[in-house]
Amino acid sequence: MQNNALSLSRRDALGAIGAGSLALVLPGCAGRPLGAPAAADPAALLDDIAWRLVAHDPERATQKGVDTGAHAALRGRLGDRSQAGQDAFAATLRADLARVEALETATLDPVTRTTVDVVRSAYRSALEGFALPYGDVAVGSFRNTPYPVIQNVVEYIDAPNLLDADHP
């Protein structure tokens, strides 16, 4: 069953959003082009961070049905699993973690504060994984593993499943 970004179950959100904020912020920023600068407010910052995360894992945009309009180009892409792609992903996480850690959360509403805390936690954990010289780091997914090739969770299974189940 394909869900759109507005009807995510809790399990879908936790498993698919990676940073905890994706399901909360994507519906509000669906019209903004990828990589557009975020405004000074926390919601805009979280929007920008979410789209930067999705840029490294465009399959999520297709799975959630947000690869439309200004983000339609994501539909024709797969994430870069090469070492260079993983290095770029880690660099994005480091930069975005610094942006989130600079936020003053005391005056934020509880939902936004929780989202910021989830982003901080998820990105710190992911960066610890990227620091290891081996393994597969899946930001916000169940797939963090020291084994990048496993019989039941690799691209030769995931790519056909994506195309069969989620891709229009």
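Two exercises on a predicted model follow, each with a worked solution.

Residues are numbered from 1 along each chain as its sequence is written. Local features need pLDDT of at least 70 and side-chain atom pairs pLDDT 80 or more, while totals for chains, interfaces and linings use all residues, and side-chain values use heavy atoms, without hydrogens and water.

**Exercise 1.** Find the helix in which Gln86 lies, and decide whether Gln86 is buried or exposed.

Solution. Start with the elements: the chain has 7 helices and 0 strands (DSSP runs numbered from the N terminus; helices are H or I with at least four residues, strands E with at least two). Gln86 belongs to helix α5, residues 83-101. Next, take the relative accessibility: Gln86 counts as buried because its value is 16% (buried is under 20% relative accessible area, exposed over 50%, partly exposed in between, with a 1.4 Å probe and protein chains only). Last, list the neighbours: leaving out residues up to four places away in sequence, Gln86 touches Asp80, Arg81, Phe130 and Val137 (contact means heavy atoms within 4.5 Å).

**Exercise 2.** Describe how helix α3 and helix α6 pack.

Solution. Two packed helices are described by the angle between their axes and the distance between the axes. For α3 (residues 42-56) and α6 (residues 110-131), the angle is about 35° and the axes are 11 Å apart (axes are lines fitted to C-alpha atoms over the stretch in contact; angles run from 0 to 180 degrees between N-to-C directions). Then name the residues: α3 contributes Pro42, Leu46, Ile49 and Leu53, and α6 contributes Thr112, Thr115, Val116, Val119 and Tyr123.
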